[in-house]
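Please look over the structure shown here before reading on.

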Amino acid sequence: MTTPLLPRPTAESVADGATAGQRLTSLMPVIALVTLLAALVIADPDFSTVRSLTAVVRTAAPLMVLAAGATLVVLCGGIDLSIAAMCSLSTVFFALWLPNLGGVTILVVIAVAGALGALQGLAHVVLRIPSFIVTLGGMSIFSAIALVISGAGPIRVVDRDATNWLNLYVGGFVPMSFLMALIVVTAISLVLRFTPLESWVQATGYSEAAARLAGTPVDRVKVLAFTISGACAGLAAVLLVSRNFSGSPTMADNLLLPAIAAIVVGGTAITGGHGSLWRSLTGALVVTLLRVGLPIVGVPSAWEQILYGVIIVAAVALTLDRSKVLIIK
């Protein structure tokens, strides 16, 4: 006689039974964003101008897209360390292919990046290699390929017609690149919300063994998460090229740590099963404000990486599901 599987608590039942501390933790990204913005305005009143805020959200757009894609992998209980290297490689692809493909290059680059992400996902589920190892190897491979095909230098984009629309402003002050990031996050969130994918992703991250017993297509869910993460890296590359007018094998390399910081600052548990894309979007805005605001308050840029490290450790300490970590190594 088999023991019936208990239904997993719904989001509503969890919310009803949430403690004050849990509710406060879920609001921490928004609290941090508002507090940080207020502090920067106090330090420099000019920071509250429309021009300054527009520059911040335009800068945040590529990071938002990168973090949103990687959040799906983290929700599944994995991690994607290759997103920055894949994004850099995609900028090189874009610069090389644009003269021959024109505007279609955007779709091609996103599709190729998604295929590379799917390949990593397949390696993870078929070969049973931890996602950390697979994507760490992918990061090295993508970086090397980008260096080789670019000649270890930037490639200038002369034809800017394909990306000029990303430099436009809706209503005169909302950057199109930021609007695109919002559209992508909204689209993925709606697909998750109105399909079984959301419960599959959460179940996979919450307990992969239990999810398999319940009939969740765990392997397919993981491959799809890596595919979306790769596609988002490709789109982030397009946003970077539209701003820098070139492709470079190292253009996005400095976005890996901020992207991970955005995910954990947003409240997504690094152990999987808990979090959301919208929280990562808020986390990306917090991280961008930090990057922009440090020089304003007189903090040397050399301290930036130290600050990210501290933020990641602190955020993980607050969101870590210790019931999954029986032994700390």
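**Serine 131 and its surroundings**

Not counting residues up to four places away in sequence, serine 131 touches Gly78, Ile79, His124 and Phe226, where contact means heavy atoms within 4.5 Å. This is a predicted model, in which local features need pLDDT of at least 70 and side-chain atom pairs count only at pLDDT 80 or more, while totals for chains, interfaces and linings use all residues. Residues are numbered from 1 along each chain as its sequence is written, and side-chain values use heavy atoms, with hydrogens and water left out.

- Serine 131 is found in helix H6, which covers residues 131-150; helices (H or I, at least four residues) and strands (E, at least two) are DSSP runs, numbered from the N terminus.
- Serine 131 counts as buried because its relative accessible area is 8%, the terms being buried under 20% relative accessible area, exposed over 50% and partly exposed in between, with a 1.4 Å probe and protein chains only.
- A polar atom of the side chain of serine 131 lies 3.1 Å from the backbone nitrogen of isoleucine 79.

**The chain as a whole**

- The protein chain has 13 helices and four strands, and buried residues make up 47% of its 329 residues.
- Among the contacts in the protein chain with a separation of 6 or more, 77% are between residues 24 or more positions apart.
- The accessible surface of the protein chain comes to about 15900 Å², and 70% of that belongs to carbon and sulfur atoms; accessible areas come from the Shrake-Rupley method with a 1.4 Å probe, and for residues only the protein chains shown count as cover.

**The nonpolar core**

- The largest nonpolar core has 87 residues, and those with the most contacts inside it are Met64, Leu72, Cys87 and Ile188; such a core is a set of buried Ala, Val, Leu, Ile, Met, Phe, Trp, Tyr and Cys residues joined through side-chain atoms within 4.5 Å.
- Helix H3 (residues 50-75) gives the most to this core, with 15 residues.
- Methionine 64, leaving aside its neighbours within four places in sequence, is in contact with Phe178, Ala181, Leu182, Leu281, Ala284 and Leu285.

**Aromatic rings**

- There is one aromatic pair under the rule that rings of Phe, Tyr and Trp (its six-membered ring) pair if their centres lie within 6.5 Å, with planes under 30 degrees apart counted as stacked, over 60 as edge-to-face and the rest as tilted.
- That pair is formed by phenylalanine 93 and tryptophan 97, which are stacked at 4.6 Å centre to centre with 5 degrees between the planes.
- Both phenylalanine 93 and tryptophan 97 lie in helix H4 (residues 83-101), four residues apart, about one turn of the helix.
- Phenylalanine 93 counts as buried at 13% relative accessibility, whereas tryptophan 97 is partly exposed, with a relative accessible area of 26%.

- Most residues other than glycine have a negative phi.
- Alanine 152, in the loop between H6 and strand E1 (155-156), has a positive phi near 60 degrees, and with a relative accessible area of 55% it is exposed.
- Phenylalanine 245, in the loop between helix H10 (218-244) and E4, has a positive phi near 55 degrees and is partly exposed at 27%.
- Serine 246 has its place in strand E4 (residues 246-247) and is buried, with a relative accessible area of 14%.

Methods: Polar contact = N/O pair within 3.5 Å; in protein donor to acceptor, adjacent residues only side chain to side chain.
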